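Hi,

Here is the structure I promised to pass on. Please open it first, then read the notes below.

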Amino acid sequence: MSWLIIASCVILCCSFSSFFRLEKLGALKWDKVVHGNQAWRLITCIWLHAGVIHLLANMLSLIFIGIRLEQQFGFSTLSVPFCSGSVLSSLFIQRSISVAASGALFGLLGLMLSELLTNWTIYTNKATALITLTVIIVVNLAMGILPHVDNFAHIGGFLTDFLLGFVLLLRPQFVWVGRKHLPAGARVTSKHKAYQYLFLVIAMVLLIAGFTVGLVMLFRGENGHDHCSWCHYLSCVPTSKWHCGN
């Protein structure tokens, strides 16, 4: 069985709790992070779940998505991007606590998309894979507009790991892999395509800039909604059935 699944089962199954205890267990709370010197909540919140249903849904998603990526790229590679999404969440959700475990799973979707794009030339049925993955991502993000769902953690995890995928999940070209079997004197191509290096550089710049700006805004006590008047619709869209107050 995948070590990623085993480790996640042990940690996640021990971390869900009733809602009123989540703050004590390390849930994300803006005033505690900014004014209470508890920046560690940006990390601890990703191991918490709001209940059994939340836990089971995430575990099923992890099994179906995580196994394939871990088999291809290894546990150590996939363990890096799991701490993401909580910074964006804390910038926009400041009047309630939040658990950001699902942000890591949306991060896996981001990894799958960037891995497909950066290794585009080695895949067959590219269009089908891209359309299928895009539909899955859009549907899952759309579910985040329901009330009491922290879609900012989902979006933050997805965007962060989408960019990380261009850095961590590059695959060498088939010709380079099989260079030992080429005849003597044959021209050997580079390990990666030029566009892969271009994606890598752009992704690194955006990651560094994004995290720097996000952390500076967070610890200056700024509210993300002050800089984006329409962003509240990304997490909750009011209807006749529910409202999005607070």
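**Disulfide and cysteines**

A search of the whole structure turns up 1 disulfide. Keep in mind that this is a predicted model.

The disulfide joins Cys-228 and Cys-231. Their sulfur atoms sit 1.9 Å apart. The cut-off for a disulfide is 2.5 Å between cysteine sulfur atoms, so this pair qualifies. The torsion about the S-S bond is about 80°, so the disulfide is right-handed.

Are these cysteines buried or exposed? Cys-228 has 12% relative accessibility, so Cys-228 counts as buried. Cys-231 counts as buried too, at 8%. The cut-off for buried is under 20%. Another cysteine to look at is Cys-45, which is buried with a relative accessible area of 0%.

**A helix pair**

Two packed helices are described by the angle between their axes and the distance between the axes. Look at α8, residues 101-118, and α9, residues 126-143. Their axes come within 11 Å and cross at roughly 155°. Angles over 145 degrees count as roughly antiparallel, so α8 is roughly antiparallel to α9. The crossing of α8 past α9 is left-handed.

Which residues meet there? From α8 come Phe-106, Leu-109, Met-112, Leu-113, Leu-116 and Leu-117. From α9 come Ala-129, Leu-130, Leu-133, Ile-136, Ile-137, Asn-140 and Leu-141. The residues of this contact divide into 12 nonpolar and 1 polar, with no charged. Asn-140 is the polar one.

Best wishes

Conventions. Residues are numbered from 1 along each chain as its sequence is written. This is a predicted model: local features need pLDDT of at least 70, side-chain atom pairs count only at pLDDT 80 or more; totals for chains, interfaces and linings use all residues. Side-chain values use heavy atoms; hydrogens and water are left out. Axes are lines fitted to C-alpha atoms, for helices over the stretch in contact, and angles run from 0 to 180 degrees between N-to-C directions. Helices (H or I, at least four residues) and strands (E, at least two) are DSSP runs, numbered from the N terminus. Angles under 35 degrees count as roughly parallel, over 145 as roughly antiparallel, 65 to 115 as roughly perpendicular and the rest as oblique. A crossing is left-handed if the near helix is turned anticlockwise from the far one by less than a right angle, and right-handed if clockwise. Contact means heavy atoms within 4.5 Å. Buried means under 20% relative accessible area, exposed over 50%, partly exposed in between (1.4 Å probe, protein chains only).
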